[in-house]
Amino acid sequence: MEFDLESRLSDDDHQALKLWLRLLSCTTRIEDQIRQRLRADFGTTLPRFDLLAQLERHPDGLAMRELSKRLMVTGGNVTGITDQLEAEGLVLRETHPDDRRSFIVKLTPQGLRQFKRMAATHEAWIVELFAGWTPAQKTQVQELLAQLKTHLKDNTP
């Protein structure tokens, strides 16, 4: 039996709670699909894909500390992933020009080619996973989530 976050809800639960769990459930299902497909099609993980995506957006590279902040993971996690990707020739580390104790991580040409292949496939997967909605429905949900994001940002202590 498949576990679903919404299964623990009752009719008496608050609508906001139901909505939160529905969003979380959908996000988890999509992320699980992406993780499985990245593993099956590219032999990689979502954290590795995310790190490559950050580097692709910053051709001059990013400091390890900045990567950790953007990926919302510990420095140790970034170091481990970077070690793997460097061993595979997908990224390289250079000494930070302003701080010899720190490194800048950049995509190699091979890493850029590999990421572009993965990114194109990833985009097709996302399109497929959202194919159950019409373009108008996607626009409506996007607008509603934008309003929620603004509300959350404006009401964060």
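**A serine in its setting**

Modeller: S68 lies in helix α3, which covers residues 64–71; helices (H or I, at least four residues) and strands (E, at least two) are DSSP runs, numbered from the N terminus. Residues are numbered from 1 along each chain as its sequence is written. The model is predicted, so local features need pLDDT of at least 70 and side-chain atom pairs count only at pLDDT 80 or more, while totals for chains, interfaces and linings use all residues, and side-chain values use heavy atoms, without hydrogens and water.

With a relative accessible area of 12%, S68 is buried; the term means under 20% relative accessible area, against over 50% for exposed and in between for partly exposed (1.4 Å probe, protein chains only). Apart from neighbours within four places in sequence, S68 contacts V73, T74, G75 and V78, where contact means heavy atoms within 4.5 Å.

As for the whole protein chain, it has 6 helices and 3 strands, in the order α-α-β-α-α-β-β-α-α from the N terminus. Of its 157 residues, 27% count as buried. Among contacts in the protein chain with a separation of 6 or more, 46% join residues 24 or more positions apart. The radius of gyration of the protein chain is 19 Å, whereas a compact globule of 157 residues would have one near 15 Å; this radius is taken over C-alpha atoms, and the globule rule is 2.2 Å times the number of residues to the power 0.38. Along the principal axes, the C-alpha atoms fill a box of roughly 60 × 40 × 35 Å.
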